[in-house]
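Here are my notes on the model, as numbered points. Please read them with the structure open.

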Amino acid sequence: QVQLQESGPGLVKPSQTLSLTCTVSGGSITTIPYYWSWIRQPPGKELEWMGAIGWSGSTVYSPSLKSRTSISRDTSKNQFTLQLSSVTPEDTAVYYCARGVSSASSYYANRNGSWGQGTQVTVSS
């Protein structure tokens, strides 16, 4: 029974960096063969997989967000984090963390895997 919980500021100003943390319980983020992903859903739009960090610590990102996205982890806390730089109002969305066995965007677009409840992040001045 793995559980994931997103946390972080709900409001970020344009040009700043969005930082979120996913706290995992009931399972280790170093367990093979899992990927630990960040996914977002802007209002009125489809789910968008952003990137993931694997059990070994390797990372993979969506091509559209790679230049602004960084995913890292703290194994001692069983947490992984998202940093999205240079945000604009277009980055306003519900942000989810998830565990899955794939790093393919289509896998998460169909809501496969185990998901957190999501957290609303608004980019506004």
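1. Strand β3 and its partner. This is a predicted model. Strand β3 is joined to strand β8 (residues 79–84) by 6 bridges, and the two run antiparallel. Another: T21 stands opposite T81 of β8.

2. The sheet around that pair. An open sheet is built from 4 strands, in the order β1-β3-β8-β7, with antiparallel pairing. β1 (3–7) and β7 (69–74) are the edge strands, each pairing on one side only. From one strand to the next, the twist averages 20°.

3. β7 and β8 run antiparallel, joined by 6 bridges. Within this pair, S72 stands opposite T81 in β8. T81 is also the residue that T21 stands opposite.

4. Which residues of β8 are on its covered face, and which on its uncovered one? F80, L82 and L84 make up the covered face, while Q79, T81 and Q83 make up the uncovered one. In a regular strand, side chains alternate between the two faces of the sheet.

5. The largest nonpolar core. It has 24 residues, and those with the most contacts inside it are L18, W38, F80 and Y95. Two or more residues come from each of β3, β4, β5 (48–54), β8, β9 and β11. β3 gives the most, with 4 residues.

6. Contacts of L18. Which residues does L18 touch, not counting those up to four places away in sequence? The set is V12, L82, Q83, L84, V87, Y95 and V121.

7. Strand β9. Why does β9 (residues 93–100) count as largely enclosed by the rest of the structure? Because 7 of its 8 residues are buried. It pairs with β4 in the antiparallel sense, over 7 bridges. There, I39 stands opposite Y96. β9 is also joined to β11 (residues 119–123) by 3 antiparallel bridges, with A93 partnered by V121. A further 2 bridges join β9 to β10, again antiparallel. In that pair, A98 has W115 as its bridge partner.

8. S37. Is S37 buried or exposed? S37 counts as buried because its relative accessibility is 0%, under the 20% cut-off. It sits in strand β4. Its side chain makes a polar contact of 3.5 Å with that of Y108. Neighbours within four places in sequence aside, S37 is in contact with W49, G51, A52, F80, Y96, C97, A98 and Y108.

9. S37 contacts W49, Y96 and Y108 among others. W115 is the bridge partner of A98.

10. Backbone points to check. Most residues other than glycine have a negative phi, and most peptide bonds are trans. The bond between I32 and P33 is cis, with omega about 0°. P33 is in the loop between β3 (18–25) and β4 (35–41).

11. Two positive phi values outside glycine. S15 has a phi near 80°, and its place is the loop between β2 (11–12) and β3. S15 counts as exposed, at 60% relative accessibility. R111 has a phi near 60°. It is found in the loop between α1 (105–109) and β10 (114–115). With 41% relative accessibility, R111 counts as partly exposed.

Definitions and conventions. Residues are numbered from 1 along each chain as its sequence is written. This is a predicted model: local features need pLDDT of at least 70, side-chain atom pairs count only at pLDDT 80 or more; totals for chains, interfaces and linings use all residues. Side-chain values use heavy atoms; hydrogens and water are left out. Buried means under 20% relative accessible area, exposed over 50%, partly exposed in between (1.4 Å probe, protein chains only). Two strands pair if DSSP finds at least two bridges between them. Axes are lines fitted to C-alpha atoms, for helices over the stretch in contact, and angles run from 0 to 180 degrees between N-to-C directions. A polar contact is a pair of N or O atoms within 3.5 Å; within protein, one must be able to donate a hydrogen and the other to accept it, and residues adjacent in sequence count only if both atoms are side-chain atoms. Contact means heavy atoms within 4.5 Å. A nonpolar core is a set of buried Ala, Val, Leu, Ile, Met, Phe, Trp, Tyr and Cys residues joined through side-chain atoms within 4.5 Å.
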